[in-house]
Amino acid sequence: MEEHMGHVIPAPVTTKGSVEQVWFPKNCDIDILDNGRTIRDFIDIKIKELGSADNDEPFYVVSLDGIFEKHLRWRTNLPRVKPFYAVKCNNEAAVLRMMSALDTGFDCASKVEIQLVLSLGVTPDKIIYAHTTKPLSHIKYACTHGVDTMTFDCEDELLKISRCHAKARLVLRIAVDDSASKIRLSLKFGARLESAAQLLCRAGELGLEVIGVSFHVGSGCTQSSAFKLAIADARRVFDMGKLLGLQMSLLDIGGGFSGIEDCLVEFEEFSEVINGALEEFFPPDSGVQIIAEPGRYYVDSAFTLAANVFAKRVIADDMDEHSDGEDSSPDRTMMYYLNDGLYGSLSCLINDAAHTNIEPYLARVVESSEQRFRSVLWGPTCDSIDKVTDSCWIPELNVGDWLLIDNMGAYSICLSTDFNGFERAHIYPVVSTKTWHTLNLSEIYNIRQ
Ligand SMILES: Cc1ncc(COP(=O)(O)O)c(C=O)c1O
């Protein structure tokens, strides 16, 4: 098929109606990296194992140490800010269990996300239902399961909440300047400052309690000053509330932090600006609790995807634009078909504006003397939009070879589909012996036999 098949449709979540029915294995299998084994060693072994079993499915390796390191970095740099992990970013059991072991809170966007988190034994007070537009049935579900903290940004939402969750603890989400972010969320969500006082009054009239203010500077934020401006805006809303007799006690600074190392602005720079702004506008003696909703920060770099070349075509170029006339630029293009693509793990290339660049590399060692060929990497489906990279220069691959792609943890698995019957990548969580013992993970993971 040569036609673009339209947008990626996320695969249905494997959950059902109530907490009891949520599909989540009681325990989650994990591999321990003992005797100095590294993640690369694990990947190499896994590739051999799969090869000998004629298994050519794509897979992820998840470094739980990577998630732990991110958490330690968060605590060191933002000691006043409690993270509520944004489940939407990656709702894999291994990840959510790790977050629970790290005692983070959770930002849930829907009933199913709340179900998933509660099914891990997380108490409802550790959940913020951080979606401003909520279906009535989801609000009712939150109410009956004790999830009280939730965001809103308009009067209609207040009316819905007053109908079915009168004891909700509300957080007013404000729109902030998100022009420096790759995904602008304030276009869709958040009350303007001009309407904030009116909304606070309306909540009071309806007998609803507003406990704080939230914002999101946009996902993939590229300027730390965005946080300072947004925190200053939040202060203005707190002051409006004070004039109305409200004692708000929660500030939620949202997400937006990059999860990869070579990003434009380092986490440490964001932290410095945030800490400074908090000191100025919400000093510790203000009594305001500060939380955040990081998603990609925690998981992006922890996931490496391994994809297999299951088909290959060699195309003779009529005219090789890249040729410099030397033997090293052969006049043919290699077409490789991978077992994962834009309808699978790599849907981020279309659906996540903050993740536009991926750098696949060969799982095997490449000698510098090896000849490189212009290569196009395709995903497995019949759709021609399913193209992973247009042109990369790599040594010749054979059917059965594996490519690796780093930084694949954010908005990848959760957006992948089984279009054309290609299954979602299998997930192998791994952890070092040290982290295993430090966090006492034996209570929540099974060691894979
Ligand atoms: C309400 C809310 N909170 C948190 C997040 C997580 O953002 P990020 O992954 O950029 O940290 C998002 C992402 O869309 C969001 O909409």
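Reader: Is cysteine 89 buried or exposed?
Author: This is a predicted model, in which local features need pLDDT of at least 70, side-chain atom pairs count only at pLDDT 80 or more, and totals for chains, interfaces and linings use all residues. Residues are numbered from 1 along each chain as its sequence is written, and side-chain values use heavy atoms, with hydrogens and water left out. Buried means under 20% relative accessible area, exposed over 50%, and partly exposed in between (1.4 Å probe, protein chains only). Cysteine 89 has 1% relative accessibility, so it counts as buried.

Reader: How many disulfides does a search of the whole structure find?
Author: A disulfide is a pair of cysteine sulfur atoms within 2.5 Å. The search of the whole structure gives a count of zero.

Reader: Which cysteine sulfur is nearest to that of cysteine 89, and how far away is it?
Author: Cysteine 89 is in no disulfide. The sulfur of cysteine 414 has its closest cysteine sulfur in cysteine 89, too far for a bond. Cysteine 414 is buried as well, with a relative accessible area of 18%. The nearest sulfur to cysteine 89 is that of cysteine 414, at 6.4 Å.

Reader: Which parts of the chain does the pair of glutamate 157 and lysine 134 tie together?
Author: A salt bridge is a side-chain nitrogen of Lys or Arg within 4 Å of a carboxyl oxygen of Asp or Glu. Glutamate 157 and lysine 134 meet in one, at 3.2 Å from N to O. Helices (H or I, at least four residues) and strands (E, at least two) are DSSP runs, numbered from the N terminus. The pair ties together parts 23 residues apart in sequence, because lysine 134 lies in the loop between β5 (127-129) and α5 (136-144) and glutamate 157 in helix α6 (residues 155-164).

Reader: Where do aspartate 239 and arginine 235 lie?
Author: These two form a salt bridge, with the closest N and O atoms 3.0 Å apart. Aspartate 239 is partly exposed at 35%, whereas arginine 235 counts as buried at 19%. They are four residues apart, about one turn, and both lie in helix α8 (residues 225-243).

Reader: Over which residues does pLDDT stay under 50?
Author: pLDDT is the predictor's confidence in each residue, from 0 to 100. The chain mean is 90, and 91% of its residues reach 70 or more. Where pLDDT is low, the predicted coordinates should not be read in detail. The stretch under 50 is residues 1-23.

Conventions. Contact means heavy atoms within 4.5 Å.
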